[in-house]
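Have the structure open as you read.

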Amino acid sequence: MTDRLVAGDTAPDFTLQDQDGTEHRLGSLRGRKVIVYFYPAASTPGCTTEACDFRDNMSSLQAAGYEVLGVSKDDLPALATFKHEQALTFPLLSDPDLAVHKAYAAWGEKNNYGKVVTGTIRSTIVVDEDGTVQLPLYNVKATGHVASLRKKLGLV
């Protein structure tokens with residue numbers, strides 16, 4: 001497993017397809033602040049809570065200059081369904097081979113209901129305009145995460 005990212009690291013570049021098959025490259029967003037968040041599975045309760053929280057706070061995040069990218073291992077049809085059903089207003093990116101998850105240390109062992117399993121570690125990485133990790137957050141809770149993130153970013 002890759003070591004966790006720390007503030008000041010260069011954010012690993014990636015190119016992934018969104019729910020519609022459109023490619024998104026992190027490097028093409030230089031000059032903008034980007035929130036890359038990793039979630040275990042589309043349309044599950046916790047991931048729906050987190051995604052809707054980002055959706056409901058999108059205007060204030062965008063007003064502060066942030067783009068949001070959601071990343072999971074789900075296939076494109078599952079992401080398209082999730083985005084449509086929840087009226088999400090940001091791209092959902094598919095990382096089926098887990099390369100980006102691993103580069104961001106968002107894949108590994110975690111405790112799931114008392115059992116140690118290997119899977120997606122719910123993580124949020126804030127990348128600044130220069131492509132540098134500004135704020136890496138691992139093992140975040142789905143509920144209340146965006147409010148906590150906004151506070152850490154000074155947006156409250």
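## The main core

Ile35, Phe54 and Phe90 touch the most other members of the largest nonpolar core, which has 23 residues. Such a core is a set of buried Ala, Val, Leu, Ile, Met, Phe, Trp, Tyr and Cys residues joined through side-chain atoms within 4.5 Å; buried means under 20% relative accessible area with a 1.4 Å probe, protein chains only. Two or more residues come from each of β3 (33-38), α1 (45-56), α2 (58-63), β4 (66-72), α3 (76-86), β9 (133-138) and α5 (145-152). With three residues, α1 gives the most.

Apart from this core lies another, of 20 residues, including Leu26 and Tyr138.

Numbering starts from 1 along each chain as its sequence is written. As the model is predicted, local features need pLDDT of at least 70 and side-chain atom pairs pLDDT 80 or more, while totals for chains, interfaces and linings use all residues; side-chain values use heavy atoms, without hydrogens and water.

## Helix α1

Helices here are DSSP runs of H or I, at least four residues, and strands are runs of E, at least two, numbered from the N terminus. The buried residues of α1 are Cys47, Thr48, Glu50, Ala51, Cys52, Asp53 and Phe54. They pack against β3, α2, β4, α3, β8 (123-127) and α5, with contact meaning heavy atoms within 4.5 Å.

## Serine 94

Look next at strand β5 (residues 92-94), where serine 94 lies. Serine 94 counts as buried because its relative accessibility is 8%. A polar atom of its side chain lies 2.6 Å from the backbone oxygen of aspartate 74.

Notes:
Buried means under 20% relative accessible area, exposed over 50%, partly exposed in between (1.4 Å probe, protein chains only). A polar contact is a pair of N or O atoms within 3.5 Å; within protein, one must be able to donate a hydrogen and the other to accept it, and residues adjacent in sequence count only if both atoms are side-chain atoms.
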